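Please keep the structure in view while reading.

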Amino acid sequence: MKKIWLMLPAFLLVWGCNFNNHNNSFFTTKITSELDSLISSIMSEEELPSVAISIEVDGDIYNYNAGYENMETLTERKLDSPFRIASITKTFTGTLILMLANEGQLSINDPLIKYFPDFPNAENISLKNLLMMRSGITDYADADFLKLIYDDPFLEFEQDSLIAMSAEQGDTFTDPDEKTEYRNINFTLLGRIVEIITKNDLKTEFNNRIIIPYGMTNTYYPSAGDYTLPETLRGYSREEDTFKDITELNPLWAGAAGAMISTLADLRIFAREMFFGFNLTNELQDERLQTKAFFEQPDWFAYGEGICRLGDFWGHNGTIFGFSTEMWYLPEMDATIIINVNRLDLDDHSKSTSIFLQVSKLLFPEHVQW
C-alpha cells in the first residue's frame, strides 16, 4: 500500500470546491452559504481528503464536492465517482429478504435452523431477529478481525467460513430478541439464505431485483478478484502523519453485510424507495419500520428490519477502510442526505457521521434529537 505524507496546507484540503446548488424553494442563498461554510470547516478540522454530498428536498438539490480524489495526483473530487458503501449494503440485503417474503418464498418468522441446522441456538433465532440485530449471535468482525483485514486487505474469506467463526463462539451467544446489538454476522447469514432459496449468487439477485429495475446504473456487487474501484477515486486511512492509500482491497469478506459500491445519485434513489417499500405489501413495509432501540442507547437510535432510525431519519451508514458513507431519508420533508468521505482509519470510527449530524441539524432542527 502507498503511504502519502500529509504535508498539504489545510486550505488545500478544501481547494477545488464545486457547489452545484439550486437557489429556489428550499436551498436559498442563505442556506447554501451556511452549508458551504459548515462542510468546509468540518473538512479542515477533521483533515478529510475529500467530501461529496448530495441533498434533495422535495425535488430541490444541493450538491457539494471538494478536496482530492487522489492525494498523490491532486485530482479534484468529482460528484459522481463510485465509492464503497460498506454497511449500507445491509439495507439492500434486507430488501432482498423482504422481497422473498413478499413472494411467499420464506417467512421472516422462519427459524434459522430451517437454513442452518447445525448453527448454535438456531431453533430459537428467527430471520426477523437477524434483520433487527436482535439475534444474540457473537460477531466474527471484532477488533482483531478488522486488524487482520487492515494488515492484509486481500485476504479471502468464504461466507460460510465466517459463519463458522461465529458458530464456534456459540457459548457466548445471548438469548435472541433481548437486545439490539449491531452485528455483521446477522446479514452474512441473511445473504447466504438469499442464495440458498434463489439458487443464485447475491450479485445476480441484487441486479435482477433492485439495481436494474430501479435504474441504479452505477451500483454493483463486486465479483471475485475485483479489488479496485472504477474511475479515479482513492480511499485513505490515516496513520500518524501519513495517509495510507487503501483503495484496493477484497471487499467480499464483508459480503451481504458490506461489499457493495455505489454513487450519490444511486443512493438517493435507493434511500427513498427503501422507505416506501420497493412494492412490498403494506403489512411487510409497516413491519419493517417497527424499530427497537439499540442496547443502552436513546429510543431515537433504533433498528428495524434492515433499516436504521436516527431521530426522524431512516437509512444507514457504512464504514470500510478508506470510506465513510451516510444514506438517510426524512419522510416529513421528502428529503435525502447522502454523504461520502474517502477516509476511514483502523479504529473504524466514521468520518461522515459528524457531517450528517451537523448538516441535518442545520437544515432540519425540528427533526433531530442531537
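## A phenylalanine in a helix

Phe145 belongs to helix α4, which covers residues 143–151; helices here are DSSP runs of H or I with at least four residues, strands are runs of E with at least two, and both are numbered from the N terminus. The model is a predicted one, in which local features need pLDDT of at least 70 and side-chain atom pairs count only at pLDDT 80 or more, while totals for chains, interfaces and linings use all residues. Residues are numbered from 1 along each chain as its sequence is written, and side-chain values use heavy atoms, with hydrogens and water left out.

With a relative accessible area of 4%, Phe145 is buried, where buried means under 20% relative accessible area, exposed means over 50%, and partly exposed lies in between (1.4 Å probe, protein chains only). Apart from neighbours within four places in sequence, Phe145 is in contact (heavy atoms within 4.5 Å) with Tyr140, Phe157, Leu162, Met165 and Trp253. Between Phe145 and Leu249 there are 104 residues of sequence separation and 15 Å of space, C-alpha to C-alpha.

Thr93 sits in helix α2 (residues 89–102) and is buried, its relative accessible area being 0%. When residues up to four places away in sequence are not counted, Thr93 touches Phe187, Leu190, Gly191, Phe206 and Ala256. Thr93 and Arg234 lie 141 residues apart in sequence and 26 Å apart in space, taken from C-alpha to C-alpha.

Asn124 is placed in the loop between α2 and α3 (127–131), and with a relative accessible area of 44% Asn124 is partly exposed. Its contacts, leaving aside neighbours within four places in sequence, are with Asn129 and Pro176, and from Asn124 to Pro222 the C-alpha distance is 33 Å at a sequence separation of 98 residues.

## Two positive phi values

Most residues other than glycine have a negative phi. Phe278, in the loop between α8 (264–276) and α9 (282–288), has a positive phi near 50°, and Phe278 is buried at a relative accessible area of 4%. Asp348, in the loop between β15 (335–341) and α10 (353–363), also has a positive phi, near 65°, and counts as partly exposed at 28% relative accessibility.

In soluble globular proteins, nonpolar side chains tend to be buried together.

## The chain as a whole

The protein chain contains 10 helices and 15 strands. Its radius of gyration is 20 Å, close to the 21 Å given by the globule rule for 370 residues, so the chain is as compact as a globular protein of that length; the radius is taken over C-alpha atoms, and the rule is 2.2 Å times the number of residues to the power 0.38. The C-alpha trace spans about 55 × 45 × 40 Å along its principal axes.

Of the 370 residues, 56% count as buried, and among contacts with a separation of 6 or more, 69% come from residues 24 or more positions apart.
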